Amino acid sequence: SEMVYWPHLATVSGTRRLYFMGSQRLDGRWRERILSAVCEPGQGRWRVEPGERISPGGEFDGQFAFSPWIVEISGGFRMYYSGKSADKMPCILSAVSTDGYSWKKEPGLRLASVDYCPDGAYAPSVIRHGNEWLMYYSSRSGYSVKIATASSFDGLSWSRIEENSGELLNPGPRLCAANPSVVIFNGKRRIYYSGHDGNVYGARIYFSDSRDGANWSAGKECLDYCGAYEGAEVEYCHVVREEEGGWTMFYTGFWGKHLLYPMTKYSYLKKARIARKWLEQYL
């Protein structure tokens with residue numbers, strides 16, 4: 001892979017498996033698929049497993065398969081993931097597995113583009129809530145991205161919840177909230193998410209809390225881009241509670257030092273100015 005991002009950790013039969021998206025360029029086009037790595041108990045290194053967990057190639061994921069999220073179901077596991085074909089907007093699909101390694105795609109769409117997210121639904125984050133499932137996901141319209149909510153009783157048929165968390169999550173000075181990771185923290189729902197101003201350059205990770213799922217606290221920044229491998233942005237986080245206590249955040253860092261950094265930065269800042277003008281006009 002030329003790039004790896006969108007990590008998601010799941011523990012299967014005592015083995016920690018990190019699912020992630022690997023991006024490769026073939027014949028001038030990007031191909032994105034879901035891969036995995038394992039970390040044996042007592043070892044700090046991750047070993048990439050052979051093969052692909054989810055390969056692009058279906059009607060709705062002909063080119064891209066990305067943003068995995070794993071939940072445990074009766075008899076095994078279900079992976080919600082995002083798919084993209086050349087002539088379609090991003091959508092949310094699913095696959096099932098008994099061992100976490102071999103996955104079978106399920107037919108149909110879990111969520112697709114509709115009037116309130118004409119440019120795609122993607123990046124699902126799913127939790128169990130009573131006798132139903134709740135999904136938080138990215139809802140895109142032009143340069144604007146919000147976090148929307150859907151519910152399901154069977155995990156396959158999903159309905160949008162009108163009390164849209166995306167209207168309430170406000171990442172400080174940023175204008176877009178996307179790529180959620182939801183957890184239960186001290187009896188409240190907490191969403192960690194990427195915040196940016198319509199362009200990913202300068203994206204940070206924020207969090208917001210809610211007790212009822214409808215009213216959310218203002219976003220608080222919790223992770224900036226400051227490391228050796230994250231000189232431009234941090235995104236796509238997955239926050240997990242560790243068995244021994246405490247929390248771990250897996251996330252993607254963009255841009256270490258390279259010769260073309262000044263040109264790349266200029267290009268992204270130019271796109272950011274275009275995005276801000278679009279947002280000022282249409283929002």
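User: Is Phe 64 buried or exposed in this model?

Analyst: This is a predicted model, and in it Phe 64 has a relative accessible area of 19%; the residue counts as buried because the cut-off for that class is under 20%. Phe 64 belongs to strand 5, and, once residues up to four places away in sequence are set aside, Phe 64 touches Trp 30, Arg 31, Glu 32, Pro 56, Ser 82, Gly 83 and Lys 84.

User: How far apart in sequence and in space are Phe 64 and Ser 181?

Analyst: Between Phe 64 and Ser 181 there are 117 residues of separation in sequence, and the distance in space is 21 Å, taken from C-alpha to C-alpha. For another pair, Val 239 and Leu 9, the separation along the chain is 230 residues, while their C-alpha atoms are 8.6 Å apart.

User: Which members of the largest nonpolar core touch the most other members?

Analyst: The core has 15 residues, and those that touch the most other members are Trp 6, Phe 66 and Tyr 122. Two or more residues of this core come from each of strand 1 (3–12), strand 5 (64–73), strand 9 (121–129) and strand 13 (176–185). Taking Phe 66 as the example, and not counting residues up to four places away in sequence, its contacts include Trp 6 and Tyr 122, together with Met 21, Glu 32, Ile 34, Tyr 81, Ser 82, Gly 83 and Lys 84.

User: How should I read a histidine such as His 238, and with which side chain does its own side chain make a polar contact?

Analyst: His 238 is placed in strand 17 (residues 233–241) and is buried, with a relative accessible area of 4%. Its side chain makes a polar contact with the side chain of His 8 at 3.5 Å, and a polar atom of the His 238 side chain also lies 3.0 Å from the backbone nitrogen of Leu 9. Leaving aside neighbours within four places in sequence, the residues in contact with His 238 are Pro 7, His 8, Leu 9, Trp 69, Ser 181, Thr 248, Met 249 and Phe 250.

User: Which residue's side chain is joined to that of Arg 204 by a polar contact?

Analyst: The partner is Asp 224, and the polar contact between the two side chains is 3.4 Å. Arg 204 itself lies in strand 15 (residues 204–210) and is buried, with a relative accessible area of 15%.

User: What is the volume of the largest pocket, and which element gives the largest share of its lining?

Analyst: The volume of the largest pocket is about 1,200 Å³. Of its 35 lining residues, Tyr 5, Val 200, Tyr 236, Phe 254 and Tyr 268 are the closest to the centre. The elements that give two or more residues to this lining include strand 3 (29–39), strand 18 (247–254) and helix 1 (261–282), while the largest share, four residues, comes from strand 1. By class, the lining of the largest pocket has 18 nonpolar, nine polar and eight charged residues.

User: Which residues lie nearest the centre of the second largest pocket?

Analyst: The second largest pocket holds about 650 Å³ of space, and among its 22 lining residues Leu 9, Ala 10, His 238, Val 240 and Arg 241 lie nearest the centre. Strand 1, strand 5, strand 13 and strand 17 are the elements giving two or more residues to this lining, which divides into 13 nonpolar, four polar and five charged residues.

Notes:
Residues numbered from 1 in each chain as written. Predicted model: local features only at pLDDT ≥ 70, side-chain atom pairs only at ≥ 80, totals over all residues. Heavy atoms only, no water. Core = buried A, V, L, I, M, F, W, Y, C linked by side-chain atoms within 4.5 Å. Buried < 20%, exposed > 50% of the residue type's maximum accessible area, 1.4 Å probe, protein only. Contact = heavy atoms within 4.5 Å. Polar contact = N/O pair within 3.5 Å; in protein donor to acceptor, adjacent residues only side chain to side chain. 1 Å grid on protein atoms, 1.4 Å probe; cavity = no way out; pocket = protein on both sides within 12 Å on 5 of 7 lines; lining within 4 Å. Points joined across faces, edges and corners; volume = space filled by probe spheres on them. Nonpolar A, V, L, I, M, F, W, Y, C, P; charged D, E, K, R; others polar.
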